[in-house]
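Have the structure open while you read.

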Amino acid sequence: MALEFDPAIINKTFEVTDPVEVKADKIKRYCEALGETNPIYTDEEAAKKGPYGGIVAPPSFAVTFRNGRHFFENVPRFGRRGFDAGKDVEFVSPIRAGDQVTLSSHVKEIYEKTGRTGTMVFVVIRSTLKNQKGDVLAHIDHRFMNRP
Amino acid sequence: MSTILDLHTHSEASEDSRAPVEAYLNWIKLKAGERRLDGIVLTEHRQFNRDGDYRALEDKFGTMVLRASEVETNYGHMLVFGVNEDMTRRFDFADIRLDAQTLIDEVARMGGIVVPCHPGRPNIGLYQHYQSKPALNNVVAVEALNGGSRKGEDERSAELIAKHGFAATGGSDSHLVSLIGLCATKFEADIKTIEDLVRELKTGNFEPVDFRPKRKPVPQAVAMESR
């Protein structure tokens, strides 16, 4: 039987989080945790002379922002079993110290595939990070596998 | 002159692969001493990917890039070669419940050929479906060697081929750069286009080639007392 869902949910934003300020100190602590020593992330003077004219976060910092409280209840489910099938992150613009970052999320795609273990339904939720100017910083595609 | 092609590959156009075509071609160049490959066929999952112009890469690396599709049917996964607009209008390639017999017959009528892939694989291979359903008509060839096969899968494919007299192909089914060309198909003819490939696949005049490194036997454990 073909997969049934309301196509109107595709591309419809279901949640936008409150802005979170990116503090230079938080970037610094993130770098310490990772062992990242590039001064454009941690040293204000060096960063001013760098390509971005100020402190920016390492690209992977994009995944530290939390989705909103209603994120998971808006993830369509097909069947009772499944798992987190990973994330794809597209880094668009640097995240700068002082940015006010929001995440908006929508269902990007729902598709089926078959494999050794049977039929699977994949739900892809795209969370887009933007700063206070509306510039897109990153896209995070969360992929969830459901076993129908 | 013969032609060796990897007939089953996935690039980043497939949702479960992160391999850029350029990286594949570069790897083929690096491994030319171990795996002679004249070209690859991109068989993206559940789609026919027309995007991308690979002519400059073909010239740069001297390796041919052709396009086909891997679709999903009620008899498992199948490679469709010679995809044209008639086929993409007739079938929804994203549908995982395509009727295999209709696909085989219609694709042949429209000038292409369907080759069931990894037939020994559980659930998505022809072998298992043949245990409970009638055999399909007009199957010329199946994929005998698949670079992603697990233990026993290629053996089941060989059993199926011996029983039904299919011609046999090979493909890496690579989703990662370093796996490209591990299995391939050797054609006696010179192949330059997808039309050449379809023509040759219909003749059955080819054989699978296996470039996978041979597994070293697991050393036998020796009891302490016998040392």
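The largest nonpolar core in this predicted model has 61 residues, and those with the most contacts inside it are Met78(B), Val80(B), Val115(B) and Val142(B). Take Met78(B): leaving out residues up to four places away in sequence, Met78(B) touches Val71(B), Thr73(B), Ala100(B), Leu103(B), Val114(B), Val115(B), Pro116(B) and Cys117(B). There's also a second, separate core of 16 residues, with Ile27(A), Ala47(A), Ile95(A) and Leu103(A) among them. As a rule, nonpolar side chains in soluble globular proteins tend to be buried together.

Now for helix α1 of chain B, residues 21-30, where Val21(B), Tyr24(B), Leu25(B), Trp27(B) and Ile28(B) are buried. Looking down the axis of α1(B), these buried residues fall within an arc of 160°, so they line one face of the helix. What do the buried residues of α1(B) pack against? Their partners in chain B are β1 (3-9), β2 (39-45), α2 (55-61) and β3 (64-73).

The contact between the chains takes eight residues from chain A and eight from chain B. On the chain A side, strand β4 (residues 100-115) gives the largest share, five residues. By class, that side has one nonpolar, four polar and three charged residues.

Conventions. Residues are numbered from 1 along each chain as its sequence is written. Chains are lettered from A and ligands numbered from 1 in the order in which they are written. This is a predicted model: local features need pLDDT of at least 70, side-chain atom pairs count only at pLDDT 80 or more; totals for chains, interfaces and linings use all residues. A residue is buried if 20 or more other C-beta atoms lie within 10 Å of its own, exposed if 12 or fewer, and partly exposed in between; C-beta atoms are placed from the backbone. Helices (H or I, at least four residues) and strands (E, at least two) are DSSP runs, numbered from the N terminus. The arc is that of the directions from the helix axis to the C-beta atoms. Two residues are in contact if their C-beta atoms, placed from the backbone, lie within 7 Å. A nonpolar core is a set of buried Ala, Val, Leu, Ile, Met, Phe, Trp, Tyr and Cys residues joined through C-beta atoms within 7 Å. Ala, Val, Leu, Ile, Met, Phe, Trp, Tyr, Cys and Pro count as nonpolar, Asp, Glu, Lys and Arg as charged, and the others, Gly among them, as polar.
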